[in-house]
Amino acid sequence: MSTEAQSPEYSVFFGVIGAASAMIFSALGASYGTAKSGIGISAMGVRKPELIMKSIIPVVMAGIIAIYGLVVAVLIVNAIEKPPQYTLYAGFLHFGAGLSVGFSGLAAGIAIGIVGDAGVRGTAQQQKLFVGMILILIFAEVLGLYGLIVALILATKQGK
């Protein structure tokens, strides 16, 4: 197959869409997690204002999800070149990497938001729930980390 067939002009499109997907979907997950947890923190803060700083943990964990997407998006954008150096193969790898971290970040953000909301409200009523909430939040965060690992493998893959 010719170099022109392996590196069409539109191959860059897939790389750019991969970078955009990484950022968009992970930021959506992070924003949902932040908003949902923030609602729980606000409701809990009315009854127990001394627990507000302790209850910020879900918001911080949701923000980390967006960082995962940012890291992958930057890696992808830095690897994009003009065709024929940038092949369709590389474009598809970068597209897959962006979707991997983006969708797993979206899922993790939703999970963090739901657990954070219920967890901080429950912690206001029973302090012993705090450790359990943290453990569940860690497991939700790991979902985003799995997507980051796969995305890093895809984004840095070399070959023909």
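Biologist: What makes the span of helix α5 close to the one expected?

Modeller: Helix α5 covers residues 129-155 and reaches 39 Å from its first C-alpha to its last. The expected span is 1.5 Å times one less than the number of residues, and for the 27 residues of α5 this comes to 39 Å. The model is predicted: local features need pLDDT of at least 70, side-chain atom pairs count only at pLDDT 80 or more, and totals for chains, interfaces and linings use all residues. Residues are numbered from 1 along each chain as its sequence is written, and side-chain values use heavy atoms, without hydrogens and water.

Biologist: Which residues of α5 are called buried, and what covers them?

Modeller: Buried means under 20% relative accessible area with a 1.4 Å probe, counting protein chains only. In α5 the buried residues include Phe 130, Met 133, Glu 141 and Gly 144. Their cover includes α3 (57-79) and α4 (88-125), where contact means heavy atoms within 4.5 Å.

Biologist: How does the radius of gyration of the chain stand against that of a compact globule?

Modeller: Taken over C-alpha atoms, the globule rule is 2.2 Å times the number of residues to the power 0.38. For 160 residues a compact globule would be near 15 Å, but the chain has 19 Å. The C-alpha trace spans about 70 × 20 × 15 Å along its principal axes.

Conventions
Helix = DSSP H or I, 4+ residues; strand = E, 2+ residues; numbered from the N terminus. Buried < 20%, exposed > 50% of the residue type's maximum accessible area, 1.4 Å probe, protein only.
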